[in-house]
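Reader: Hi! Could you walk me through this one?
Author: Happy to. Here it is.

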Amino acid sequence: MSVTISVATEQDAEQIFKLQYLCFQSEAALYGNYRIDPLVQTLDSVREEVGSDCVFVARLGEEVVGSVRGKVTEDGAAAIGRLCVHPRLQGHGIGARLLRAAEAALAEERGATKFRLFTGHRSEGNLRLYRRVGYQTVGRSKGADGVEMIVLEKQAGAFVQTA
């Protein structure tokens, strides 16, 4: 059975919520902070995002095994976030496929001119992925949860082939 990427539906919200909680445990451990945003987000908030934002899921059969979401901000950039892949399937290119799907939809359907994402400063695996697919560090910020974040951007249309 192969993993497929598709637009999330309302029915996916609960699986996305549970997957996000599972996947971000390792990030929380990395920072010694179990109050990071993805772990305190409510199911209702996830449902709202699925209804209004650009949300994609990776499916293995009926199971949601990955997710990403994005929305276009006032400056024309697309804020991409909450990229996660089930721990048992990480390292197989699913995250890069989800990211490409979100980028394409945000540029083609919502007019994004560039993509912006944030990741924790100790999240080396995330940073490797983002740099491999063309993102460059443009700054740092402190998240509401106190974690120091690295801000990365890529121009829309600057799609990089990944293996």
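Reader: Where is Val133 found?
Author: Val133 sits in the loop between H6 and S6. Helices (H or I, at least four residues) and strands (E, at least two) are DSSP runs, numbered from the N terminus. One caution: this is a predicted model, where local features need pLDDT of at least 70, side-chain atom pairs count only at pLDDT 80 or more, and totals for chains, interfaces and linings use all residues. Residues are numbered from 1 along each chain as its sequence is written, and side-chain values use heavy atoms, with hydrogens and water left out.

Reader: Thanks! Is Val133 buried or exposed?
Author: Val133 is buried, with a relative accessible area of 4%. Buried means under 20% relative accessible area, exposed over 50%, and partly exposed in between (1.4 Å probe, protein chains only).

Reader: And what separates the C-alpha atoms of Val133 and Thr9?
Author: A distance of 26 Å, with the two residues 124 residues apart along the chain.

Reader: Switching topic, what is the order of the strands in the open sheet?
Author: The 7 strands run S1-S2-S3-S4-S5-S7-S6, with mixed pairing. Strands S1 (3-7) and S6 (136-142) are at the edges with a single partner strand each, so one side of each has no neighbour in the sheet. The twist averages 25° from one strand to the next, using axes that are lines fitted to C-alpha atoms (for helices over the stretch in contact) and angles from 0 to 180 degrees between N-to-C directions.

Reader: How many bridges join S1 to S2?
Author: There are 5, and S1 runs antiparallel to S2 (residues 54-60). Two strands pair if DSSP finds at least two bridges between them. Val7, for instance, has Phe56 in S2 as its bridge partner.

Reader: Nice. Which strand is Ile80 found in?
Author: Ile80 belongs to strand S4 (residues 77-85), and Ile80 is buried, at a relative accessible area of 6%.

Reader: What is Ile80 in contact with?
Author: Leaving aside neighbours within four places in sequence, the contacts of Ile80 (heavy atoms within 4.5 Å) include Val68, Leu99, Phe115, Leu117 and Tyr135. The C-alpha atoms of Ile80 and Leu117 are separated by 5.2 Å, though the residues are 37 apart along the chain.

Reader: Great, that's clear. Last one: which elements supply at least two residues each of the lining of the largest pocket?
Author: Among them are helix H2 (25-31), strand S3 (63-72), S4, helix H5 (94-108) and helix H6 (124-132).
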